Amino acid sequence: MAFQKAVKGTVLIGGGAIATIFGLSQFSQYRNKHGNLVYIQAAEPANVPMKNHLPAREDQLLALQNTSEFDVLIIGGGATGSGCALDAVTRGLKTALVERDDFSSGTSSRSTKLIHGGVRYLQKAIMKLDFEQYKMVKEALHERANLLEIAPHLSSPLPIMLPVYKWWQLPYYWVGIKLYDLVAGSQCLKSSYVLSKSRALELFPMLQKDRLVGAIVYYDGQHNDARMNLAIALTAARYGAATANYTEVVHLLKKTDPKSGKERVCGAHCRDVLTGQEFDVKAKCVINATGPFTDSVRKMDDQEVANICQPSAGVHIVMPGYYSPDNMGLLDPATSDGRVIFFLPWEKMTVAGTTDTPTDITPHPIPKEEDINFILNEVRNYLSCDVEVRRGDVLAAWSGIRPLVTDPNSKDTQSISRNHIVAVSDSGLVTIAGGKWTTYRSMAQDTIDAAVQAHNLMAGSSKTVGLLLQGAKDWSPTLYIRLVQDYGLESEVAQHLASTYGDKAFEVAKIAQVTGKRWPIVGKRLVSEFPYIEAEVIYGVKEYACTVVDMISRRTRLAFLNVQAADEALPRIVDIMGKELNWSEQWKKEELAAAKKFLYYEMGYKAKSEQLTDSSEISLVPSDIERYKKRFHMFDKENKGFITILDVQRVLESISIQIDENTLHDILNEVDLNKNGQVELDEFLQLMSAIQKGYVSGSRLAVLMKTAEENLHQRVVIPVDRSGGGLPHSPN
C-alpha cells in the first residue's frame, strides 16, 4: 500500500512539474506585482435600482398573485435558487422565487461552512487526467474569490493544516497543494507553506505529535452558509424580485404552444403554507432549483422522466471551541473510509465532518449515531492522547443531503456528475442540479443563460460578478467599534452583529432593548454564552422569519452550535415572535413543540440525550459506587431512594447558594430518565458512570452535587451553567 501511494506521489509530482512549466512564470509575475491581494473584475453594474427597504412578505405574496406574467419563476430558495433570482433580476428580468420552507432550510445551511475549490478534486484531475474535474476546481477557485469579495462580512480566508506523518508524504502533499495555488492563479488567497513539527504543534497544540513529521498549511474560505444564502435572497428582493418563503408549488401550469402544438410550462399553482391560500403564478420560464428534490419537480412536468438525483447524506458535528485553535483548521486527507474529513473553527466552536452515505430524500434528515461516532473516531486519530475526545462533548449534529446527479444529456447515464448540469425539458422546464455551494453564482449564471436562450427572453449578460450582497457596501473590519461606542453594546455582541448583518447591524442595534445595567447599555442576550440578542428576533421577522425554527437555525445559528442552549432560548423567542406576528396562545404552543421536535431529531438532541439511556449499565468500581452513594445521601436525608427539587434546595440553602426553582427543575430533568419528577439512586449512578465513560459531559447536577459536598463547610458560592465539558473541575 505504501509503495502504491509512493508511486502515485511520483505521478503527482510529475504532473506538478508539467503544470509548473505552463504556469509558474505567469504565477510568479502575478506574485511580484500584486503580492497576496485577490482582485475580482466586477461585471457591468446592474441597471435595476435597489430598494432602500426590504418589502414585507405580505407585499411579496401580493406581487406574486397580481403580476400578470413574470419572465422567470424559480422554484427553490437554497443558494442556487436564490442565486438564480439575483442573476435574473439584475439582468432586468421580471423575477419570482418561491420556497416551500425557509430560505436555506435544506442542504445550503448544512454544509461544512467552507468556500473552496476542492483539493481532492484537483488530485483526481491530475491522477486521472480528467479535464472536467480540473475545470470544476478552476471555476470554484474563481467563485471562492468572488464570494470573499461580495460578502466580506460573512466570509474570510481560513488557513487549513494538513499534518504529515510519513516523510514520503511531504513532497507528495506539498506538490498537490502548490498546484492548488497555481490553479487559483491571481485569485490565490495566500501562498501555502510547510511547517516543521515544532512549529505545527505551536500553531495546533492539540495535534497528535507521535510520528509527526511536519505539516503543510494552505488557504481556503469560510462563511456562515445560512446567512450567506439569506443575504443572496434578500439582495434579490431588494433589486425587485418577488421572493416568498413558505410558498409551495402544488403543480405546474401548462398551455399549448399554437406554433408547435406542444404543451409548454407557463407557471405554477402555489399555496401559502402558513395560511393555506392558493394562487397561480404565471411565467414565461420556470426554473427548477430544488437540490435533492430535483426529481419531484421534474416529475410534475413529466411523470415518466427518469430520476437523476442520487442523494448522499453528509453528517457534521459541533464540539467546544477548545478542540481547535481559533484560526486554524485541520484536514484529514485519508480517513478509514477514504473520504476527506475537515476539523474547523467556526463561530467560536469546532465543526467536524463530513460523512458520505447513500440516503433517502427527506425534508427532515436526521444525523445517525454511527455517523457521529465515525467522525469522533477520525478526530481521535489526529488529536493528542492528552485530549480526551468525548461523545458527551458533541453539542449539536446535523445531516445534509448532498444532491449528486447524473447528467440526463449524457450517454453514460450511470456516471455521477461532480459538476452542475443544466437541462431543458421538451415542455421548457429548466432544471439546474448538482454542483457545490461555492459555485452557486456560476451555476445561476449558466441557468439564466439557458433560460434566456430557450425562451427567447430579452436580457443582457450576467451582472453578478463583483455584485455586493446585502450588508457589504459600508462594512469594514472596525465597524463593530462604532456599534460599541454609539449604542453601548458588548464588544462580543457588536462583533457578532457586524459579521452577521454587515452595515445593516445598525438597524439591529437601534431596536435593541436597554438592559438597565451600567454595561452593556443595550442588548439583552437570548442565552448567556452566545452573543445573540433579543433584538435579532424582531429584526429576523423583518427578514421573513416565519417560525421559531427559522430563528434558531438560520437567522441565528444557535441550533447548529448548541442544541441545549437553543432549547433554553425557545420560550423567550416564542414570546417575541408571538408579539411581532400576533400569534394566538395555541399557535405559540404549536411553534414551541415544532421547534423542540426540530432540535430533538434534526439537530442531534435525541442522539445527545440518549447517551445516558443507551449506557444504562453501571460500570463503576465498588469504591466509586460507595463514594457516589455517600454524595447522593447528602441530599437524600430521609433515605427515600430519590432526590427532588426540595432536597437540592435544602442543601444549597445550607451553603448559601440561591438557584431559582425553574433552573433546578431543568437541572434535575436532564438526569430524570423516567420523567417522574425525581432522580433515583440508580439514575444518579448511571449518570456518574456515563460521565466516566465520556458519554455525558457538562452535567449541571453532577457538578452541583460534587461542589456542594466539597463546600458544605466552606460556604463557597459556585456558578452552575451549561457547557460542552469545559467545566472548572471534574464532576467526579
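The side chains of Asp301 and Lys254 come together in a salt bridge, 3.0 Å from N to O; the term covers a side-chain nitrogen of Lys or Arg within 4 Å of a carboxyl oxygen of Asp or Glu. This pair links distant parts of the chain, with Asp301 in helix H9 (residues 294-301) and Lys254 in strand S8 (residues 247-256), 47 residues apart. Helices (H or I, at least four residues) and strands (E, at least two) are DSSP runs, numbered from the N terminus. Asp301 counts as buried at 12% relative accessibility, while Lys254 counts as partly exposed at 31%. Here, buried means under 20% relative accessible area, exposed means over 50%, and partly exposed is in between (1.4 Å probe, protein chains only).

A word on the ground rules. This is a predicted model, in which local features need pLDDT of at least 70 and side-chain atom pairs count only at pLDDT 80 or more, while totals for chains, interfaces and linings use all residues. Residues are numbered from 1 along each chain as its sequence is written, and side-chain values use heavy atoms, with hydrogens and water left out.

Searching the whole structure turns up 34 salt bridges. One of them joins Arg57 and Asp272, at 3.1 Å from N to O. Since Arg57 sits in helix H2 (residues 57-66) and Asp272 in strand S9, the pair ties together parts that are 215 residues apart in sequence. Arg57 is buried at 10% relative accessibility, and Asp272 is buried too, with a relative accessible area of 3%. Another salt bridge pairs Arg91 with Asp87, whose closest N and O atoms are 2.6 Å apart. Arg91 counts as buried at 9% relative accessibility, and Asp87 counts as buried at 0%.

Strand S10 (residues 278-288) turns up in several pairings. Two strands pair if DSSP finds at least two bridges between them. S10 pairs with strand S1 (residues 70-75) in the parallel sense, over five bridges, and Leu73 stands opposite Val286 in S10. With strand S9 (residues 263-272), S10 pairs in the antiparallel sense, again over five bridges; there, His269 stands opposite Asp280. S9 and S10 make a hairpin with five residues between them, and Gly276 in the turn has a positive phi of about 85°. S10 also runs parallel to strand S19 (residues 430-434), joined to it by two bridges, with Asn288 opposite Thr431.

Among the buried ones are Arg700, Leu701, Lys706 and Asn711.

Over on the surface, Ile366, Tyr600 and Tyr601 form a nonpolar patch with about 260 Å² of accessible area together. Patches are made of residues with over 30% relative accessible area and no salt bridge, where like charges are joined within 9 Å and nonpolar side chains (Val, Leu, Ile, Met, Phe, Trp, Tyr) within 5 Å. Accessible areas come from the Shrake-Rupley method with a 1.4 Å probe, and for residues only the protein chains shown count as cover. Tyr600 belongs to helix H19 (residues 585-601) and is partly exposed, with a relative accessible area of 31%.
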